[in-house]
Amino acid sequence: MKQQYTRLLLWHFIFYIVYYTAREVFIDKDFEAVTDLATFKYAYMEAAVFISFFLYSLGVYWVLFHYHSKTWWRITLMLFAAVSLAIGFRYLSQEVIAPYFFGFRNYTEGFALFDYYLDNLYYASLHGAIGFTFFYFQFSKYKDQKQRELLIQNKKTELAYLRSQINPHFLFNTLNNIYSLVYQKSDDALKSVEKLTAMLRYGLYEQEEFVPLEQEIKHLYNFIELERIRYDYDLQLELNINENTQGFKVPPFLLIPFVENAFKHGNLRQPLVIDLNIENETLIFIVQNAVKPKQKDRVGGIGLENVRKRLELIYEEQHVLEVKATKEGFGIRLLIKDQA
């Protein structure tokens with residue numbers, strides 16, 4: 001969402017003309033209010049008033065734009081500071097500069113500063129409401145657009161995930177491995193079928209926007225166990241997953257692409273580290289792997305940029321994704337603040 005100061009200025013200008021100038025001319029029949037603008041005194045005062053009133057709108061808009069996701073007391077404090085600065089500007093321009101340089105002022109001489117501040121709170125409330133309304137409509141439009149983008153992105157994610165999991169190559173390798181286990185009369189055959197079934201069910205039928213983190217963790221375990229049977233050597237896996245999720249929820253298929261990437265492009269004769277923990281209501285997810293020789297590492301399946309876009313749409317400023325790629329290794333560190 002971009003700041004729209006020019007459009008806010010236009011809104012404020014229209015309101016100012018209709019509420020003040022047009023009212024004086026058409027309702028109060030005060031035509032001198034228009035002709036007086038030809039004099040320096042009234043032109044100066046009118047300009048100072050317009051700028052001051054616009055600063056009320058601008059201050060409220062700026063604070064809401066930058067602090068709308070903060071605590072209410074912080075927003076209140078910033079609004080008080082913004083309004084006070086705008087009132088200070090009006091006082092400086094009309095009650096200090098004007099009488100000192102030009103010999104006229106807006107309020108009577110000796111008007112108490114505290115009373116001046118209270119009197120201007122009315123105008124601050126009136127014109128601050130313009131800034132609030134403008135922000136509200138802009139933010140509502142932004143949220144609607146973001147929601148539409150998120151729906152589209154989720155559909156792309158689901159389709160891309162299904163393509164990566166239900167493509168013939170994946171199914172052929174997994175079923176071939178299960179067949180070998182059955183031929184060897186291994187007890188792991190039935191377990192592998194169960195894990196494959198659970199993965200396909202999760203991919204096909206999970207439609208919720210957010211799922212319990214333990215459900216995503218279970219999906220990770222199923223994927224890892226199915227990948228294990230592809231190799232004829234013991235994988236150097238270092239799994240440090242805290243299953244005490246404390247009711248944490250995440251979008252489905254959010255974590256799996258990073259693990260897919262490690263298995264697809266990583267050198268699994270070297271340690272593959274997967275850490276998942278929750279600290280201070282923040283999910284910390286780390287994946288680190290060595291890279292295959294002459295292998296340019298990238299996120300498989302839905303792609304790193306796709307993951308970034310999805311995180312930005314869902315979590316906006318409530319997440320941090322750090323990616324570190326070298327010739328020897330690849331790693332990600334994802335932090336997500338709980339939105340509950």
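In this predicted model, helix 8 (residues 213-228) lies across strand 2, strand 4 (272-279) and strand 5, and runs at about 170° to strand 2. Helix 9 (residues 256-265) packs on the sheet too, touching strand 2, strand 4, strand 5, strand 6 and strand 7. The direction of helix 9 makes about 5° with that of strand 5.

As for the sheet itself, 5 strands make it up, in the order 2-4-5-7-6; it is open, and the pairing is mixed. Strand 2 (237-241) and strand 6 (319-325) each have a single partner strand, so they stand at the edges, with one side of each left without a neighbour in the sheet. On average, and ignoring direction, neighbouring strands are turned by 5° against each other. Strand 5 (residues 282-290) and strand 7 (residues 329-337) run antiparallel and are joined by 9 bridges. Leu-283, for instance, has Ile-336 in strand 7 as its bridge partner.

Now for the aromatic rings. The structure holds 26 aromatic pairs. One of them brings together Tyr-16 and Phe-50: the ring centres are 5.2 Å apart and the planes stand at 85°, and since anything over 60 degrees counts as edge-to-face, that is what this pair is. Tyr-16 belongs to helix 1 (residues 5-27) and Phe-50 to helix 3 (residues 40-67), so to speak a link between distant parts of the chain, 34 residues apart. Both Tyr-16 and Phe-50 are buried.

Tyr-91 and Tyr-116 also pair up edge-to-face, with 5.0 Å centre to centre and 80° between the planes. Here the link runs from helix 4 (residues 72-102), which holds Tyr-91, to helix 5 (residues 113-166), which holds Tyr-116, and the two residues are 25 residues apart. What about their exposure? Tyr-116 has 3% relative accessibility and therefore counts as buried, the cut-off being under 20%. Tyr-91, with a relative accessible area of 30%, is partly exposed, because that value falls between the 20% and 50% limits.

Ring pairs also build up a cluster, linking Tyr-5, Trp-11, Tyr-61, Phe-65, Phe-134, Phe-135, Phe-139 and Tyr-142.

The charged end of Arg-269 is placed over the ring of Tyr-233, 3.9 Å from the ring centre. Likewise, Arg-90 has its charged end over the ring of Tyr-123, at 5.5 Å from the centre.

Key. Residues numbered from 1 in each chain as written. Predicted model: local features only at pLDDT ≥ 70, side-chain atom pairs only at ≥ 80, totals over all residues. Heavy atoms only, no water. Pairing = 2+ DSSP bridges. Helix = DSSP H or I, 4+ residues; strand = E, 2+ residues; numbered from the N terminus. Axes fitted to C-alpha atoms, helices over the stretch in contact; angles between N-to-C directions. Contact = heavy atoms within 4.5 Å. Phe/Tyr/Trp six-rings, centres within 6.5 Å; stacked < 30°, edge-to-face > 60°. Buried < 20%, exposed > 50% of the residue type's maximum accessible area, 1.4 Å probe, protein only. Lys NZ or Arg CZ within 6 Å of the ring centre and 35° of its normal.
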